[in-house]
Amino acid sequence: MSYFLTQLANGLSYGLILGLIAVGFVIVFTSTGVLNFAHGSVLLTGAYLVAVLQDPIGFWAAVLVGIAGAALLGVLINAVLVRNLAEANPGTAAILMLGVDILLLTELTRRIGNRVLPIGAPWGADVVTFGGITLPTSRAIAAGLAVVVFGVLWFLFARTGAGVAMRAAAADGDTASLMGIRLTRTGAAGWALAGALAAIAGIFLASFPSPGIAPTLALTAFAAIPAWVLGGFDSVVGAIVGGLIIGVVTALAVGYESDLHFLGRGLGEVVPYAVMILVLLVRPSGLFGRQEAVRV
Amino acid sequence: MPDPILIVDDLAVAYDGAVQALRGVSLRVDTGSVVAVLGSNGAGKTTLLRAISRSLGSVGGAVTAGTIRFEGEDLARRDTSWVVRAGLVQAPEGRRIFRDLTVEENLRAGGYTVRDAAARKEASERVYDLFPILAERRSQRGGLLSGGQQQMLAMGRALMTSPKLLLLDEPSLGLAPQLVEQIGDIIAQIHAQGTSVLLIEQNAAMGLRVADRAYVLEVGAVTAEGSSAELSATDDIRDRYLGVGTSEPAPTAPGEERAETTTGLQRSSTARAQQLRVEDLTVRFGGITALSDVSFTVEAGTIHALIGPNGAGKSTCINVLGGAYRATSGTVHYGDAVLSALPSHRIADLGVARTFQNISLSLEASVEDNLLVGRHRLMRTGTVSQALRLPRARREERAEREAVRRIAALLGIEDLLDRSVHTLSYGDRKRVEMGRALAAEPTLLLLDEPVAGMTHGESTVMADAIRAVQQELGLSVLLVEHDMPFVMGLAERVTVLDFGKHIAEGTPQDVQRDPEVLRAYLGTAAA
């Protein structure tokens with residue numbers, strides 16, 4: 001029982017981290033209509049900044065620089081590349097982002113090489129135990145912090161003028177601009193938020209039990225794509241719930257792999273996509289996606 | 001003379017650098033006045049408002065000449081955000097409220113540029129005073145409001161910045177007569193609170209009632225201007241925009257080519273109109289009952305109208321007849337066939353054609369191609385012979401293009417055949433839809449708001465066209481429409497729905513006197 005609970009807690013905390021990433025996908029998509037396939041390398045950039053700066057300037061200052069750096073990178077990608085696209089064609093933008101991803105990833109791989117950079121977090125490899133459940137401290141902190149971040153996001157989008165303006169711009173940009181809302185600003189804010197969330201997620205993904213930062217970290221961001229899609233592309237709540245589902249299912253599949261050997265090995269990598277396909281079969285627009293019902 | 005708040009001087013606007021939408025338009029709005037702009041479809045009214053609110057860019061338009069001054073300030077180098085902050089706000093055509101945001105959040109988005117929280121609160125109090133229904137529904141999502149409430153929300157949202165000048169684009173579009181009256185009263189109230197208003201309105205009676213001055217815009221240029229009283233008195237305006245009275249059938253206006261419209265259309269088959277019987281039709285969506293036990297009969301070869309307030313279930317009814325929605329219970333017979341059991345392409349094969357309330361055309365394709373799609377059911381040559389351009393296919397194509405041209409001529413869209421649909425105005429798109437439905441040579445034509453967004457003159461032309469095809473081709477017509485002069489002048493029988501229930505039926509004269517109908521739908525204007 002405690003083994004199950006441990007796996008479940010692991011899954012939930014991992015799911016919350018995936019949720020941070022998936023929410024970034026959603027916010028970029030709703031604020032600028034871009035499927036941001038460069039999200040993984042933005043995440044890696046944030047984590048990389050923390051790893052190389054933690055020695056000279058200290059961990060916490062490095063965290064601030066990493067978050068700000070990833071946010072700024074997002075804003076730059078939007079300002080230099082996305083806004084200059086002649087036509088708002090989601091296909092063109094998505095391919096463009098794949099290109100950006102490859103460029104950034106190649107440069108970061110060159111810098112990191114074969115090394116695995118330690119993130120240098122003060123929680124190190126500690127674990128916490130309560131009620132028979134053992135969880136890495138980093139994961140416990142990640143879960144708590146993610147919940148706080150989601151609370152802040154809720155407050156931002158539901159209670160502040162800027163947040164409501166972002167939602168209005170996402171719903172109908174043309175009309176929102178008639179209200180005096182500047183779409184360039186809501187777009188930049190979206191990319192900045194997504195970048196910051198990705199950097200936070202990156203720091204925890206590089207913490208124990210992971211050994212540190214390697215270029216493969218960028219691929220972990222892709223594990224959040226099924227979470228994003230099954231939550232319904234344009235729903236922040238959906239992305240969070242999607243992250244939790246994928247996190248728990250992955251943790252359980254890995255934790256019980258020996259009992260599931262008839263399904264073969266490496267189940268943890270396949271299972272997020274299998275869950276996504278199953279959900280989409282039942283609910284084609286995702287769990288929380290806007291119903292594409294067209295009134296005739 | 002009072003100070004002008006807005007001066008438009010010699011304005012020209014072009015789309016995609018080619019299509020000239022406005023030419024030499026000059027207009028002024030005095031501080032504290034209401035100015036209406038009348039004009040037929042495609043005259044450039046929405047373009048004018050977009051030029052003033054600096055929002056042409058997103059639709060591919062650009063000012064090519066002339067100036068716009070707001071309180072003396074040239075707007076040439078200003079963007080939408082700047083003009084909103086300066087006190088000039090546009091409420092867009094078609095309401096365009098944020099459906100997933102609550103009423104309160106919609107207003108919040110409207111007041112985005114107001115930095116001062118106290119001013120914002122005061123503005124929202126004023127909006128709630130003006131529209132008490134919005135206060136009642138403040139935490140409801142915008143998409144759940146009825147059409148009239150959505151229009152109020154769109155206006156309230158624009159008022160959140162406490163603008164000096166409010167631009168309203170077709171606030172009465174698609175609203176029932178009693179709501180149109182109410183919107184007119186609200187505009188008068190907004191004006192009384194000190195806001196200047198520039199109003200585009202297809203319902204000229206309402207527009208001229210609330211406006212001090214009016215301009216008439218035709219094909220991109222101003223053709224008449226004056227005080228509302230002067231303009232209301234001119235014959236031209238009366239014929240083309242006002243009609244006579246709101247509750248009587250429009251009499252034949254002398255000099256207009258309406259007495260003998262001949263269609264020049266012929267049926268390529270011997271199909272005949274049949275009787276349409278709707279029996280105990282009920283439609284539910286989830287827990288909402290859109291239609292409940294509705295029965296009526298459209299006799300073969302007659303024009304039958306379906307009227308009622310917004311949300312009464314009229315479009316739902318058309319959608320069931322055309323096969324887009326399934327009936328929950330009840331049956332629809334067309335002659336011997338049971339329509340309610342057939343998929344939509346089989347219904348089309350029986351000779352039933354329809355138009356859509358929210359227009360459903362191929363936007364990138366030309367008008368001619370859109371109309372040719374309607375002929376699909378009648379074409380006999382196969383895909384292969386068409387692809388190989390065999391003589392038979394070429395002959396058929398020539399014949400079909402000729403048929404399409406006759407239909408276009410009948411509807412007055414002959415000059416638009418080569419234009420792609422996305423460059424057309426709302427009303428012209430309505431006509432293309434009607435043309436596509438006619439191109440299928442139907443025996444039963446279902447029309448959902450065929451003259452929404454048209455001037456009185458244009459709807460008269462449309463009525464003549466419908467009457468002509470009905471008589472010469474002997475088809476039945478079932479139409480849904482809010483334009484009462486149009487309905488009462490055209491329909492032989494009228495069925496009235498309210499909240500999904502059949503509340504009255506009879507000749508136009510009977511229905512207009514029915515107290516139940518007056519209460520639910522027509523309001524005092526027709527009493």
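**Chain A, overall**

I read the elements of chain A from the N terminus on as α-α-α-α-β-β-α-α-α-α-α-α-α-α. That is 12 helices and 2 strands. Helices (H or I, at least four residues) and strands (E, at least two) are DSSP runs, numbered from the N terminus.

I noted that this is a predicted model, in which local features need pLDDT of at least 70, side-chain atom pairs count only at pLDDT 80 or more, and totals for chains, interfaces and linings use all residues. Residues are numbered from 1 along each chain as its sequence is written, while chains are lettered from A and ligands numbered from 1 in the order in which they are written.

I looked up the extent of chain A next. Its C-alpha atoms fill a box of roughly 55 × 50 × 35 Å along the principal axes. A compact globule of 296 residues would have a radius of gyration near 19 Å, and chain A agrees because it has 19 Å. The radius is taken over C-alpha atoms, and the globule rule is 2.2 Å times the number of residues to the power 0.38.

**Chain A, the hairpin**

I went to the two strands. Strand E1 (residues 127-130) and strand E2 (residues 133-136) of chain A pair in the antiparallel sense over 4 bridges. Two strands pair if DSSP finds at least two bridges between them. A:Val127 stands opposite A:Pro136 in E2(A). A:Thr129 has A:Thr134 as its bridge partner in E2(A). The hairpin has 2 residues between the strands, and A:Gly131 takes a positive phi near 55° there.

Most residues other than glycine have a negative phi, and most peptide bonds are trans.

Which residues does a cis peptide bond join? They are A:Phe208 and A:Pro209, with omega about 10°. A:Pro209 lies in the loop between helix H8 (183-205) and helix H9 (217-222) of chain A.

I also noted A:Phe233. It is not a glycine, yet it has a positive phi of about 55°. A:Phe233 lies in the loop between helix H10 (224-231) and helix H11 (236-255) of chain A.

**Chain B, overall**

I turned to chain B and found 20 helices and 20 strands. Its C-alpha trace spans about 65 × 50 × 45 Å along its principal axes. For 527 residues, a compact globule would have a radius of gyration near 24 Å; chain B has 24 Å, which agrees.

**Chain B, a sheet and its helix**

I traced an open sheet of 4 strands in the order E2-E1-E4-E5 (chain B), with antiparallel pairing. The edge strands are strand E2 (19-30) and strand E5 (73-74) of chain B, each pairing on one side only. Strand E1 (residues 4-15) and strand E4 (residues 61-70) of chain B run antiparallel, joined by 8 bridges. In E4(B), B:Ala62 is the bridge partner of B:Ala14.

Helix H1 (residues 45-52) of chain B lies across E1, E2 and E4 of chain B, at about 65° to E4(B). Axes are lines fitted to C-alpha atoms, for helices over the stretch in contact, and angles run from 0 to 180 degrees between N-to-C directions. Two residues are in contact if their C-beta atoms, placed from the backbone, lie within 7 Å.

**Chain B, a helix pair**

I looked at helix H13 (residues 367-375) and helix H15 (residues 391-411) of chain B. Their axes come within 10 Å and cross at roughly 110°. That makes H13(B) roughly perpendicular to H15(B). Angles under 35 degrees count as roughly parallel, over 145 as roughly antiparallel, 65 to 115 as roughly perpendicular and the rest as oblique.

From H13(B), B:Glu368, B:Leu371, B:Leu372 and B:Arg375 meet B:Glu400, B:Ala403, B:Val404, B:Ile407 and B:Ala408 in H15(B). The contact residues divide into 6 nonpolar, no polar and 3 charged. Ala, Val, Leu, Ile, Met, Phe, Trp, Tyr, Cys and Pro count as nonpolar, Asp, Glu, Lys and Arg as charged, and the others, Gly among them, as polar.

**Where the chains meet**

I finished at the interface. How many residues does each chain give to the contact? Chain B gives 27 residues and chain A gives 18 residues. Helix H2 (80-86) and helix H3 (103-110) of chain B each supply at least two residues of the side that touches chain A. That side of chain B divides into 8 nonpolar, 12 polar and 7 charged residues.

Helix H6 (residues 161-171) of chain A packs with H3(B) at about 100°, their axes 9 Å apart. H6(A) and H3(B) are therefore roughly perpendicular to each other. A:Gly161, A:Val164, A:Ala165 and A:Ala168 in H6(A) meet B:Glu105, B:Arg108 and B:Ala109 in H3(B). I logged this contact as 4 nonpolar, 1 polar and 2 charged residues.
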